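Here are a few exercises to work through with the model open beside you. Try each task before reading its solution.

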Amino acid sequence: MHVLVIGGGGREHALCWGVARSPLASRLSCAPGNGGIARLAECVDIGVEDFDGIVAYCRGQSVDFVIVGPEIPLVAGLIDRLEREDILAFGPNERGAILEGSKVFTKELCRRHNIPTAAYERFTDIDEAREYIQDHGAPIVVKTDGLAAGKGAIVCQTVEEALAAAEDILGGQFGDAGNEIVVEQFMVGEEASFFALCDGRNALPLATAQDHKAVFDGDLGPNTGGMGAYSPAPVMTDEMCQKTMERIILPTMRAMEQDGRPFKGVLYAGLMITERGPQLIEYNVRFGDPECQVLMARWQSDPLAAMIAAAKGQLAGYEVNWSERAAITVVMAANGYPGDYAKGTEIRGVGKAEAISGVSVLHAGTRLDGDRLLSNGGRVLGVTAQGVDIREAQARAYEGVAAIDWPDGFCRRDIGWRAIEREEAQETEERENAERESKAS
């Protein structure tokens with residue numbers, strides 16, 4: 001089977017990494033790919049929004065299955081185009097992808113079907129938005145309706161910040177994505193990422209993960225596309241996963257089917273785990289980046305076979321196997337990210353990092369210049385490691401980071417801190433319980 005992956009970031013390297021180990025894949029291509037993907041797949045110089053070029057390549061190279069990584073081509077209808085050409089593909093069509101393409105649509109769906117999410121209102125008029133913000137106070141969250149490359153959700157600690165955010169967005173900061181805004185209640189709790197494979201009717205829960213969006217240690221600074229992730233997420237207990245499926249994922253699937261928008265692909269729920277249980281922050285309609293990296297590190301059964309089953313509507317009774325080991329990804333980004341940064345700086349030592357047991361380096365923004373590996377983006381590498389627990393995986397990941405020679409890059413030094421705090425607290429509790437039992441006997 002000839003498989004084509006669409007995209008060129010860390011998520012797509014992880015997808016190629018998973019597909020490459022499948023016995024079903026006899027040939028693997030990626031459009032456009034990157035410097036790391038080139039080691040696994042044939043990289044094709046076709047942009048993710050060049051639908052004609054993608055279809056022509058599929059026809060000319062007898063592609064059997066397409067996996068679409070990024071949200072932009074999904075929201076723009078690439079799956080619809082491939083379906084019209086009778087090319088089997090993984091991902092939602094345009095009507096399904098609206099769950100990510102329009103926050104207003106998703107919030108309204110949640111309101112109609114009693115899916116737990118933050119209280120909100122929607123606005124196109126700045127004066128009405130100002131009045132709502134001043135009435136409700138801060139902290140409060142202001143969001144673009146449409147896609148804004150991960151920068152369209154602004155958590156505002158003061159009313160002044162919220163008013164400025166609303167004015168900037170409705171004033172054109174994000175183009176058409178900001179023609180309408182959502183202003184919503186600030187939720188208190190712990191964030192987590194929950195993924196489910198969907199075939200239009202059935203939903204199969206995948207492993208859980210947590211990411212670190214803020215650029216600096218301690219979850220400080222502006223939000224980014226993600227500075228690291230780990231799996232599993234300790235906050236997502238079996239009970240919490242069950243509640244998420246029952247209260248959020250399955251009602252969404254039923255609502256989309258009733259609306260004539262059956263959802264196929266991967267449904268990624270960004271959650272806030274509150275005192276009342278899981279609440280939906282927002283939906284993405286593709287694997288997260290860098291969450292995909294840690295999921296593929298732990299996915300033991302064949303991910304390609306599972307994605308084909310989802311695309312064909314055959315997930316009923318399907319099972320996926322996961323490693324008991326933990327995985328963590330530390331993102332190395334170009335100095336200055338998420339602001340201005342330089343491209344074309346040389347990176348050395350990736351092979352040295354990958355020689356460390358349990359470490360893989362997945363590329364997000366790189367390109368090859370002969371034998372030289374150069375940076376080609378803001379988030380550039382994802383050093384991914386496994387261990388018996390998050391603490392061991394973290395130690396290995398940072399050992400991998402230390403082996404990479406890239407003076408023009410940086411990373412956070414605390415990826416996984418929440419999980420490690422939980423592990424240490426659990427160990428302390430178990431030790432104290434054992435001591436009490438010993439004294440009692």
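A polar contact is a pair of N or O atoms within 3.5 Å; within protein, one must be able to donate a hydrogen and the other to accept it, and residues adjacent in sequence count only if both atoms are side-chain atoms. You're looking at a predicted model, where local features need pLDDT of at least 70, side-chain atom pairs count only at pLDDT 80 or more, and totals for chains, interfaces and linings use all residues. Residues are numbered from 1 along each chain as its sequence is written, and side-chain values use heavy atoms, with hydrogens and water left out.

**Exercise 1.** Find Arg379 and work out which backbone oxygen lies 3.1 Å from a polar atom of its side chain.

Solution.
- Start with strand S22, where Arg379 sits (strands are DSSP runs of E, at least two residues, and helices runs of H or I, at least four, numbered from the N terminus).
- Next, check accessibility: Arg379 has a relative accessible area of 18%, so it counts as buried (buried means under 20%, exposed over 50%, partly exposed in between, with a 1.4 Å probe and protein chains only).
- Now for the oxygen: it belongs to the backbone of Gly226.
- Leaving out residues up to four places away in sequence, Arg379 also touches others, including Asp289, Val331 and Ala364 (contact means heavy atoms within 4.5 Å).

**Exercise 2.** Which residues line the largest cavity?

Solution.
- A search of the whole structure turns up one cavity of 30 Å³ or more (on a 1 Å grid over the protein atoms alone, a set of points where a 1.4 Å probe fits but cannot get out; lining residues have an atom within 4 Å of a point).
- The volume of the largest cavity is about 40 Å³.
- Its lining is made by Gly10, Asp289, Gln293, Val331, Ala364, Arg379, Leu381 and Gly382.
- Strand S22 (residues 379-387) gives the largest share, three residues.

**Exercise 3.** Locate the cis peptide bond from Ser231 to Pro232, then the one from Tyr337 to Pro338.

Solution.
- Omega is near 0 degrees for Ser231 to Pro232, and Pro232 is in the loop between strand S14 (228-231) and helix H9 (238-258).
- For Tyr337 to Pro338, omega is near 10 degrees; look for Pro338 in the loop between strands S17 (326-334) and S18 (346-347).

**Exercise 4.** Is Asp86 buried or exposed?

Solution.
- Go to the loop between helix H4 (78-84) and strand S5 (89-90), where Asp86 is found.
- Phi of Asp86 is positive, near 60 degrees.
- Asp86 is exposed, because its relative accessibility is 72%.

How values were computed. 1 Å grid on protein atoms, 1.4 Å probe; cavity = no way out; pocket = protein on both sides within 12 Å on 5 of 7 lines; lining within 4 Å. Points joined across faces, edges and corners; volume = space filled by probe spheres on them.
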